[in-house]
Amino acid sequence: MTEPSWQELLRLRLVERNNTESAFAPIIEQYRRLAQQTKLLKERNATLLRAVGSVKGSPTGSSSGEERVFILPSNPVRAAYLASLESQISSLRDELANLYKTQGQNAQRLLSMNETLREKEELSRIDSENLRKAREEITSLRKKVDLHAELIAEKDRTIQILSDEVNTSLLELSQIEERNLTLSKDNAKLLQRWLDAKQLEANRMNEANEFYENMRTRHETVLSWREGSGQDGAMSNAGTSDSSRPISGSGKELTNPDIQTVMKKNGPSPPIAQGMDLTPNG
């Protein structure tokens with residue numbers, strides 16, 4: 001699991017500080033060792049100088065005495081040399097112990113660094129896997145985007161075609177509505193003319209029927225008057241009335257001058273009675 005960003009930044013800064021502070025650590029350690037060895041050498045030289053001084057001050061300073069210096073264990077020069085060697089051995093042992101300690105610390109640091117490297121490699125592997133999956137997903141999403149773009153373009157073309165068809169249909173519909181409105185007006189005019197003609201015909205028929213009823217009433221009156229006055233009076237009246245024509249029994253032939261007068265007053269019969277021949281526009 002990856003660390004938070006602020007912890008990683010703090011760790012990096014601490015590592016940078018440690019690297020900066022420990023950059024001159026080997027040089028300082030070498031200087032420390034040189035100073036320690038210099039101190040030991042100075043002490044050994046001082047001891048040797050003291051031993052030499054004590055030897056020079058003794059009365060037995062012959063060559064045979066010098067040979068005894070290296071033989072006798074109580075010789076101060078030898079004792080000083082042995083002390084110097086022992087101090088060197090002690091310092092070397094301390095240095096070896098420090099080296100072993102440093103080697104153990106380095107081994108521990110190497111193990112921790114190996115563990116950290118293993119964790120980083122695992123994180124890197126996970127990141128690589130996630131990156132691969134992300135790239136595959138990006139590729140598939142790009143394909144989907146391209147497909148959607150093609151579908152949208154196709155739909156736009158279809159919408160354009162449908163819009164053109166709709167506009168054409170609306171234009172045709174408006175023309176049809178105008179034509180229907182014109183036909184409705186023409187039909188209304190034609191119907192009104194037909195109704196007017198039928199009304200005129202009906203009025204004329206009503207006048208003719210009224211005139212027929214009047215004539216029949218008059219005829220019945222004449223007949224009743226004839227029956228009342230007797231056969232002689234009826235024959236004399238029939239002989240004298242040459243200007244009038246008798247009405248037939250069916251009542252369909254009316255040739256009385258009054259009928260002719262009414263027909264002249266009303267005018268000739270309308271064209272509808274003879275057969276209407278009208279165009280759709282009237």
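These questions and answers walk through some features of a predicted model.

Visitor: Is S91 buried or exposed?
Guide: S91 lies in helix α4, residues 76-229. Its relative accessibility is 15%, and the limit for this class is under 20%, so S91 counts as buried.

Visitor: Which residues is S91 in contact with, leaving aside its neighbours within four places in sequence?
Guide: One of the residues has its place in helix α2, namely Q36. The C-alpha atoms of Q36 and S91 are separated by 8.6 Å, although the two are 55 residues apart along the chain. With those sequence neighbours left aside, S91 is in contact with Q36 and L40.

Visitor: Is Q36 buried, partly exposed or exposed?
Guide: Q36 has a relative accessible area of 33%. Buried means under 20% and exposed means over 50%. The value for Q36 falls in between, so Q36 is partly exposed.

Visitor: How many residues apart are E95 and R33, whose pair links distant parts of the chain?
Guide: Side chains of opposite charge can pair when their charged atoms come close. The side chains of E95 and R33 meet in a salt bridge, at 3.4 Å from N to O. E95 is in helix α4 and R33 in helix α2, so this pair links distant parts of the chain, and the separation is 62 residues.

Visitor: What separates R33 and E29 in helix α2?
Guide: The side chains of R33 and E29 meet in a salt bridge, 3.6 Å from N to O. R33 counts as partly exposed at 22% relative accessibility, and E29 counts as partly exposed at 28%. Because R33 and E29 are 4 residues apart in helix α2, they are separated by about one helical turn.

Visitor: Which residues are linked with R33 in a network of salt bridges?
Guide: R33 meets E29 in a salt bridge, and R33 also meets E95 in a salt bridge. The network includes R32 as well, and the residues linked with R33 are E29, R32 and E95.

Visitor: What is the N to O distance in the salt bridge of E115 and R118?
Guide: E115 and R118 both lie in helix α4, 3 residues apart, about one turn of the helix. E115 counts as partly exposed at 36% relative accessibility, as does R118 at 47%. Their side chains meet in a salt bridge with an N to O distance of 2.5 Å.

Definitions and conventions:
Residues numbered from 1 in each chain as written. Predicted model: local features only at pLDDT ≥ 70, side-chain atom pairs only at ≥ 80, totals over all residues. Heavy atoms only, no water. Helix = DSSP H or I, 4+ residues; strand = E, 2+ residues; numbered from the N terminus. Buried < 20%, exposed > 50% of the residue type's maximum accessible area, 1.4 Å probe, protein only. Contact = heavy atoms within 4.5 Å. Salt bridge = Lys/Arg side-chain N within 4 Å of Asp/Glu carboxyl O.
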